Amino acid sequence: MLKTRPLHPGFGIEVLDLDLADPASDAAVDQLVRDLDRHSLILVRGQALSNQRHVEISRRFGSLMTHVLKQFLTTGLPEIYVLSNVSENGKPIGNHKEGWNWHSDLSYVAEPSMGSLLYSVEVPPEGADTLFASMHLAYEALPSETQARIRKLTATHSYAGYYGKAFADRAPLTDEQKARTPDVVHPVVRTHPVTGRLSLYVGEDIVKQIDGLPPAESAALLAALNQHAVSDAFVYRHKWRQGDLVIWDNRCTMHCATPYEDDKYRRVMHRTTVAGTRPF
């Protein structure tokens, strides 16, 4: 039995006294896999994970995805996507200013990520928190008439649209990257495939439109849902420490990175991404 405590009244747990670097912890990892379905967010502090061990643990959650931005797969293990402001030999070792908007990882592909495992290698002493919002809580708090209105709607998720907004100062996506990330359509309300619980499935920038509505109505509804989804009542703010491993369920949470003094502090984060299935 794992020793845990809640992170937020409605979702998320911290697991205490667990050393994931020890291969003998694999049975505990299998318990984390089961707990993720119920709690949506898991924190394990004080870890000392090699890159290989990070990948091994992640594989127990499912098959791993490789990010389309190959230039940030710099650890020698392509399963690890590096988020960092650090440059070595004149080249960035990771993607900087990634995720500074509310989103669910890889919602822009036909079969989005089931979950992500983010490990803090080096963190600033202040700033760079990550916010997590429960989309189960957000959906369940909507008025019943709004739930009925959006229950069967779909939305278009666009990586090209997001990239153009978030990284306008960078070289555009290559033809290969665009070919790998065509626009996709997903339900606005999705069903958790294990628990059957419903959640909102929206996001800033990535979601281009709600389909079948006039543009003005689509924009207004999307803005209202996004604003509601990240209300304080549904949000947990994570203050990183070196050695934190945070695991989240992309099927029923959104998250958002926050700024820090990136000209003063170094930040190095390693993320693995677990494959999922088509939302329904």
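H67 is buried, with a relative accessible area of 7% (buried means under 20%, exposed over 50%, partly exposed in between, using a 1.4 Å probe and protein chains only). This is a predicted model, where local features need pLDDT of at least 70, side-chain atom pairs count only at pLDDT 80 or more, and totals for chains, interfaces and linings use all residues. Residues are numbered from 1 along each chain as its sequence is written, and side-chain values use heavy atoms, without hydrogens and water.

H67 sits in the loop between α2 and β4. Helices (H or I, at least four residues) and strands (E, at least two) are DSSP runs, numbered from the N terminus. Beyond its neighbours within four places in sequence, H67 is in contact with L73, Y81, E98, L106, Y108, Y159, R180 and R271; contact means heavy atoms within 4.5 Å. A polar atom of the H67 side chain lies 3.0 Å from the backbone nitrogen of L69.

Now the sheet. It is open, has 7 strands and mixed pairing, and runs in the order β1-β2-β3-β15-β7-β17-β4. Two strands pair if DSSP finds at least two bridges between them. β1 (3-6) and β4 (81-84) are at the edges with a single partner strand each, so one side of each has no neighbour in the sheet.

β7 (residues 115-122) pairs with β17 (residues 268-274) in the antiparallel sense, over 7 bridges. Y119 has H270 in β17 as its bridge partner.

Helix α1 (residues 26-39) packs on the sheet and touches β2 (13-16), β3 (41-44) and β15 (245-249). Its direction makes about 135° with that of β3. Axes are lines fitted to C-alpha atoms, for helices over the stretch in contact, and angles run from 0 to 180 degrees between N-to-C directions. Helix α2 (residues 51-59) lies across β7, β15 and β17, at about 30° to β17.

Technical notes: A polar contact is a pair of N or O atoms within 3.5 Å; within protein, one must be able to donate a hydrogen and the other to accept it, and residues adjacent in sequence count only if both atoms are side-chain atoms.
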